[in-house]
Structures are given as structure tokens and as C-alpha cells.
Amino acid sequence: MLRAIKSIKQIIPSNQDLDNMMEIFKDMMNHCIRIGIKENCSTLKRMSMLSYHELRNYDIMSSYKICAISQACGILSKYKKEFKKNPNAKMPYVTKPYITNCYNIKHNNSLLTIPFKYHNPINILLNNHTQKILSNPALRVRSFTITALNISICISKEVEMIECTKIVGIDRNLRNVTCGNDESVTFYKTNKLLSIKQNTIYARSGFKRNDNRKKKQFYKNMQNRMQNRTKQFIHKISKKIVDNAVETKSMIAFENLKGIRKLYRKGNGQGKNYRRKLNGWQFYELQRQVEYKALWEGIPVVFVDPKRTSKLCPICGCRVQEDKKNQRKLMCINCKKSMDRDVLAAMNISYKAWSRFTHARDDTGEAKCSIFEEPMTESKLVIRIVDVSKCISSRSR
Ligand SMILES: [Zn+2]
């Protein structure tokens, strides 16, 4: 059994008590920051010793005081670092606070009750979507984070992992995402992400007013809009991938692309536009979304080494060559077959994950099934996959 965690976000209707609470919290944080600067400390222990008693005049539950102290510590340590670089750094002052708390949260049908003052909690009206999700008795409300406009409720559930019989490899590219194994392959086009980015750059360049404050605001708005649009687009893809994996009971395998930005640094002999395009490639967002959605459904996610995933033939394990007629295709001379670059990579990833995570080898060198107890229905398939995995692993040694 594993614990999966997720959060739901909603807009809160205006509430006088809540505004009051945010105001008190803001004052407490700024008080803590003043104390920290005066005493020159930013460690949590010393800050709590110094400021906890100073906060006794604020009429609020004590858990919020601890939250304010710990948040102030973070701000102070950041300020300390900045101060070392620049002695004229601006003194920190909190204007838009956010509150996180995990104590005394109660939930019944349409209301979420959070603590505020002693014997005086605040009720927050939940919308239909949140009510529908929280009505599931298997879920537990763990904590909440509140800002002036939104509340995000963290929920958890005990998940039993599904016993998988297949593996889906996912190959992420700039213009598409390919998921598949040797049985079926699905393409998701991500050209739209590039066009969203291009449009944002174009819209930004149209700002001609000579006003720094307005310019900053405009750039920030454009940035937020771009992020929201790309996130939403990727959410659609990740949902489809996970739904598909649940339906076919398959494990999900990714390439571990950590450190890929090193390839596109300044001075690597690449053009400015090329580097901008590839450094704006959001490979991690899809992985993040798929990881938490898959855990929620009980699907395991594994990572493989990306080395040579698009250079070896998935059927015989030989090195493939570029097809001169079509740039997106690769030729295997041994099998006399031409294959799409992305399909080949997705298949290789699924095979790699298969050989790495399901075939633990003992000393005799024989492949052993650890997760898959029942043999696959097509015996031909199993032999071929085992052979390929042997081929790949012997080559990578
Ligand atoms: Zn081949």
C-alpha cells in the first residue's frame, strides 16, 4: 500500500473573517521579520525562541504563529544571502501572504471548517467540483493552503499498486509525445506548445510604451497566461496517457532526462534561436503530471537511461542508420526495415524498462520474471523481447 497525495484548488467567495485572518497573519510575519533583522538571526530554533512570546498579543490560534515564524525564517535567510551580494538590498516586507495549516480541519458536505480564533472557526463554502471529490470516503483531508483568492486542499488516499502485464515507453520530443510498445503506438502532437511560446514572444515585442512599471506588469501577465495555457494543454495529454495505461494495465516508462539542458548551453556552438527553442522545451512538466496521476491510480512509473534509445533497432539490437529520403525515419540494414524515429525510441524505452525492472538475472544468466508471474499469451513475443533485451544489455556493457 502506498500513499498518494493530490490537491484541489478552488476560488473562495469573499469572507470578512478570512480577510481579517490574512491581515493578522501578514502583521505577524512582518513582526517576525523585524525581530529577525534586529537580532540578526534566521534559524528556526532561535527565531521561535525570540519571537513566539512577542506574538502573544495577536488574537489567533497558535499553529498560525508557528507557520508565520517558519515562513519568516525562509524570507530572512534569502535576504541574508542577498545582503551579502548587495548591501543596499531592499528590506523584506510581506504584502501577499499565504497560510498553510494541517490542524483541526473539519469537513462536512459543503463546508470546510478551518481554525481561526479560539472557539471561533471559519467556514468556507466549497464548490460543486470540490464537494464531489471530497465526498469519496476513502480520501483524507490533510492540510490546506490559503491565499487571498484561492484555497488549495491537500488530500491523500491509500493506493494498492496494480499488477501490470505490459510496459508503455514514453518518448518526449519537441513536437510530439510518443507512447507505445510493440503492440500499439499513440502520438500526441505538441506543436501547439511551440506556437503558444512564439505568440507570447511576439506579443511581448509589441509593447512600446516607455514605462517600466507597466512593462513589468504586462510581461508578468503574459508569462502567467503562457504558463496556464501550456499546463492545461499538457494536462490533457497526461490524462489520456494515464487513462490508457489503466485500461491496458501497463507500467509507464520514461527516459531520465536529467541534465539535458547542459547540451544547450551558451558556447556549445548552437544558434541563439535554436537554444531558446530547446531550453523552452517543457519535458519535466509532463513527467511530473504523469507521475502523480499514475500514483493516484496505482500505476508504477519507472525511469531508464536514455543512452542509445534512438540508435538501436528494437527488433535485432543492431545500430540503425538514417534514411536519406525521410529525415524522421531510421533504417535497419539487418532487418531491412525503415521505422519512425519516435516509434523506435518508444519501443526501445519499453524494452529497456522490461529488461531492467522485470527480468532480474541470477548467476546463471537466465532471465527471470519477477513481476510477471504468468507468461504472456504470445510465446513468440516473449522470446523476441528477451532476446532483444539481451542484445541491448550486452551492447551497453
Ligand atoms: Zn534490426
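This is a predicted model: local features need pLDDT of at least 70, side-chain atom pairs count only at pLDDT 80 or more; totals for chains, interfaces and linings use all residues.
A crossing of two helices is called right-handed if the near helix is turned clockwise from the far one by less than a right angle.

**Entry 1: α1 and α2**

I looked up the pair formed by helix α1 (residues 16-39) and helix α2 (residues 44-51); their axes come within 10 Å and cross at roughly 110°. The two helices are therefore roughly perpendicular to each other. I noted the crossing of α1 and α2 as right-handed. On the α1 side the contact is made by C32, I35, G36 and E39, and on the α2 side by M47, L50 and S51. Sorted by class, these residues are 4 nonpolar, 2 polar and 1 charged.

**Entry 2: the four-stranded sheet**

Next I traced an open sheet of 4 strands, which has the order β1-β7-β6-β2 and antiparallel pairing. The edges are held by β1 (2-11) and β2 (99-101); each has a single partner strand, so one side of each is left without a neighbour in the sheet. From one strand to the next the twist averages 20°.

I then examined the pairing of β1 with strand β7 (residues 150-159), where the strands run antiparallel and are joined by 10 bridges. Within this pairing, L2 stands opposite V159 of β7. I also recorded that helix α8 (residues 283-297) packs on the sheet, where α8 touches β1 and β7. The direction of α8 makes about 115° with that of β1.

**Entry 3: α6 and α8**

The axes of α6 and α8 come within 9 Å and cross at roughly 40°, which makes α6 oblique to α8. The crossing of α6 and α8 is right-handed.

I listed the residues of this contact from both helices. From α6 come K231, I234, H235, I237, S238, K239, I241, V242, A245 and V246. They meet E285, L286, Q289, V290, K293, A294 and E297 of α8. By class, the contact of α6 with α8 divides into 9 nonpolar, 3 polar and 5 charged residues.

**Entry 4: A294**

Is A294 buried or exposed? The cut-off for a buried residue is 20 or more other C-beta atoms within 10 Å. A294 has 21 such atoms within 10 Å and is therefore buried. I also looked up its contacts beyond the neighbours within four places in sequence: they are V242, A245, I252, I299 and V301. A294 and V246 are 48 residues apart in sequence, with their C-alpha atoms 8.4 Å apart in space.

Finally I followed strand β14 (residues 329-332) and its partners. Strand β13 (residues 321-322) pairs with β14 in the antiparallel sense over 2 bridges, and Q321 has M331 as its bridge partner in β14. These two strands form a hairpin with 6 residues between them.

On the other pairing, β14 and strand β15 (residues 337-340) run antiparallel and are joined by 4 bridges; the bridge partner of C332 in β15 is K337. This hairpin has 4 residues between its strands, and K336 in the turn has a positive phi of about 55°.

Technical notes
Residues are numbered from 1 along each chain as its sequence is written. Two strands pair if DSSP finds at least two bridges between them. Axes are lines fitted to C-alpha atoms, for helices over the stretch in contact, and angles run from 0 to 180 degrees between N-to-C directions. Angles under 35 degrees count as roughly parallel, over 145 as roughly antiparallel, 65 to 115 as roughly perpendicular and the rest as oblique. Two residues are in contact if their C-beta atoms, placed from the backbone, lie within 7 Å. Ala, Val, Leu, Ile, Met, Phe, Trp, Tyr, Cys and Pro count as nonpolar, Asp, Glu, Lys and Arg as charged, and the others, Gly among them, as polar. A residue is buried if 20 or more other C-beta atoms lie within 10 Å of its own, exposed if 12 or fewer, and partly exposed in between; C-beta atoms are placed from the backbone.
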